[in-house]
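Subject: Structure handover

Hello,

Please load it before reading on.

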Amino acid sequence: MKNKFPVLFLIMHLLLLADISASALLLMHYDDQIGLFCLIPALMLAAGCIIFFFVYTSNSMRHISRMNAHLESSAAEYMNSLPAPVAVIDGEGRLVWYNQMFSEKIGLGQDVYGIALNTLVKIDMKTVEENGSALCQLNGGVFRVAAEKFVKNDIAFTVLYFHDDTDYFSMKLKFEDSRPSVVVINIDNYDDIMQNAKESEKAQASVKTEELIENFMKGTGGFIKKTSANSFYAVIETGKLRKIVENKFKILDEARNIRISGKYPLTFSIGVGHGASSLEESERFAMQCLDMALGRGGDQAVIKTDNGYRFFGGVSGGVEVRSRSKTRVIANALQDLIENSHRIYIMGHRFSDLDAIGAASGLAGAVTLLGKEVFIPIDREKSLGKALIDIVERETDRELFISPQEAELDIEPDDLLIIVDTHNRDYIESRKLYEKAKQVVVIDHHRKSVNFIDNTVIFCHEPHASSASEMVTELIEYFRFKDDSAKIPPCCADALLAGITLDTKNFVMRTGVRTFEAAASLKKLGADTVRVKSLFADSIDSYRRKTQIVASANIHGRCAVAVADFKSDDIRLVAPQAADDLLGISNVDASFVLYKTGSTVNISARSLGAVNVQVIMESLGGGGHQTMAAAQLEGITLRDASKMLVKAIEEREDQSGNNAKG
């Protein structure tokens with residue numbers, strides 16, 4: 001409430017001045033001397049009003065601050081003697097009084113009467129009023145601010161009490177910094193890399209690795225123990241861990257300089273158990289983070305946070321795992337699970353492609369040979385592989401593909417749901433079907449994302465595999481059929497080969513020894529490369545749209561960005577193909593194609609390996625592989641999405657440049 005007294009006082013004087021002036025002017029008509037004599041008091045009164053106005057304006061805050069009219073002298077003396085900063089502000093947030101401690105700690109000895117509080121203290125008064133208090137940092141200290149309102153003579157004031165919590169928070173920070181954090185370091189694919197190395201090379205690599213880890217631990221005050229040939233356990237204080245995080249785990253870059261046989265670089269995967277309440281919980285967090293790092297291809301450090309995970313590194317493509325022992329164990333467990341289930345449902349991701357359909361079809365062919373009823377829930381209208389669906393359904397001569405709604409109604413507790421080509425619960429074909437399933441198996445090759453399916457009986461995840469179809473091909477090789485000569489239908493073999501062909505870009509990208517072995521196995525099962533090739537044929541209209549996208553591309557650094565600003569029924573198929581074609585341009589290491597469906601802007605990203613498009617897409621809320629990723633942006637224009645993408649590319653280039661210098 002504003003002070004009304006000076007306003008009323010000024011109005012009364014102005015009225016009196018007007019009355020005297022009018023009387024003086026009337027008298028001057030009769031006698032100039034008498035009128036002039038009466039006018040002199042009016043002029044003096046006017047001068048007095050002006051002086052009063054300026055004096056009050058300059059000193060009103062100081063008068064109020066002294067609380068002569070609104071605070072008893074005893075109360076003022078008491079508040080002034082408090083050992084904590086105290087201040088009083090008016091309804092407009094201006095300082096009208098403060099004690100000596102406030103002047104010293106908050107005002108730093110300056111005269112701050114009458115100035116706005118928010119010029120000294122950055123604090124939201126609404127938060128203080130709602131919560132009773134709020135924390136703020138001032139002059140290198142931490143204060144808890146409490147407020148109390150009062151009204152005196154129709155004037156509202158707020159008393160602020162500043163409690164110095166600096167010592168408490170300093171002690172709390174020291175305590176948190178002294179908390180132990182467990183760090184687990186794993187050498188990626190150590191056995192496969194060392195398999196063909198000479199003994200001298202193995203010894204030399206081991207020495208360099210242990211020296212690197214010892215240097216990593218220097219100055220941390222922690223300790224580290226080697227638990228196996230390829231794993232180390234360390235315990236580090238949280239305060240020292242912060243410095244390692246600030247340096248973005250430089251040990252990841254240094255590890256790549258260690259090469260076996262002069263060509264195979266060592267890479268580390270690191271899991272950090274941070275923020276745990278006990279050492280046991282910290283170790284569990286560290287193992288979860290290590291699993292996440294390995295599931296994303298290795299060569300990175302992962303820290304668990306309150307909102308998910310924080311990632312560092314992940315710039316290399318990792319090393320192919322050549323051993324099939326894990327695949328054989330999973331295949332045997334999967335077959336036992338299938339045989340003990342009533343019906344089998346095999347589901348892929350939304351907007352299913354040839355890899356999702358191929359993996360589902362190939363696995364369905366094997367399940368049929370095991371004598372089990374199997375169905376593939378799929379949305380035909382949104383699928384990108386309708387031609388393959390028609391071929392498989394026609395040649396198997398049975399109703400294999402059903403709608404997700406049918407599966408949701410028919411699934412029972414003793415049925416098994418197998419999810420292929422995705423492990424993210426947000427991308428599966430039917431979320432409702434997944435939630436109703438009591439037994440879930442995941443078979444996927446994508447680098448592990450945060451929102452992964454965690455309630456699985458079997459989680460078959462191999463980020464080094466070229467495709468889900470490759471993984472399924474390897475699994476069914478270990479299935480034990482009653483008839484040793486039994487084979488999956490040729491159309492199912494075609495479907496699997498089509499899936500591998502799609503994700504490897506005709507056996508160019510992400511191919512390893514096991515990829516070609518899987519293709520050879522499918523050839524033995526009757527796969528026809530000519531029939532598979534026909535699945536990738538484009539219509540003349542689709543080809544024109546694809547070339548239109550390629551022609552619209554702009555180059556940013558070594559990245560090509562194209563925007564498809566038109567609508568078509570096959571845009572989801574044409575855009576990724578255009579992204580693949582853009583990689584054929586010289587000096588282009590990565591390509592991005594943006595297109596819109598409804599209110600969503602979709603980004604299809606491709607790379608030759610030099611640029612990690614997964615990291616760029618993750619910064620925009622997407623994900624995928626190092627060489628193939630995607631993202632979806634809701635409620636945004638193509639132009640704004642393009643700007644966001646270019647900014648993300650530039651930020652990633654800056655980070656890569658800094659890492660290279662480091």
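Below are notes on one strand, its neighbours and the cysteines.

First, a caution: this is a predicted model.

**Strand E14**

Start with E14, residues 343–347. Five of its five residues are buried, so the rest of the structure largely encloses this strand. Arg-343, Tyr-345 and Met-347 point to one side of E14. Ile-344 and Ile-346 point to the other.

Which strands does E14 pair with? One is E15, residues 373–377. The two run parallel and share three bridges. In that pairing, Ile-344 sits opposite Val-374 of E15. Another partner is E17, residues 416–420. E14 and E17 are also parallel, with four bridges between them. Here Ile-346 has Ile-418 of E17 as its bridge partner.

Helix H13 covers residues 354–369. Together with E14 and E15, H13 forms a β-α-β unit. What is the hand of that unit? It is right-handed.

**Cysteines**

How many disulfides does the whole structure hold? The search returned zero. For orientation, a disulfide is a covalent bond between the sulfur atoms of two cysteines.

Cys-289 is at 0%, so it counts as buried. Cys-559 is at 2%, so it is buried as well.

Best regards

Technical notes
Residues are numbered from 1 along each chain as its sequence is written. This is a predicted model: local features need pLDDT of at least 70, side-chain atom pairs count only at pLDDT 80 or more; totals for chains, interfaces and linings use all residues. Side-chain values use heavy atoms; hydrogens and water are left out. A disulfide is a pair of cysteine sulfur atoms within 2.5 Å. Buried means under 20% relative accessible area, exposed over 50%, partly exposed in between (1.4 Å probe, protein chains only). Two strands pair if DSSP finds at least two bridges between them. A crossover is right-handed if, with the strands pointing away from the viewer, the path from the first strand over the helix to the second runs clockwise.
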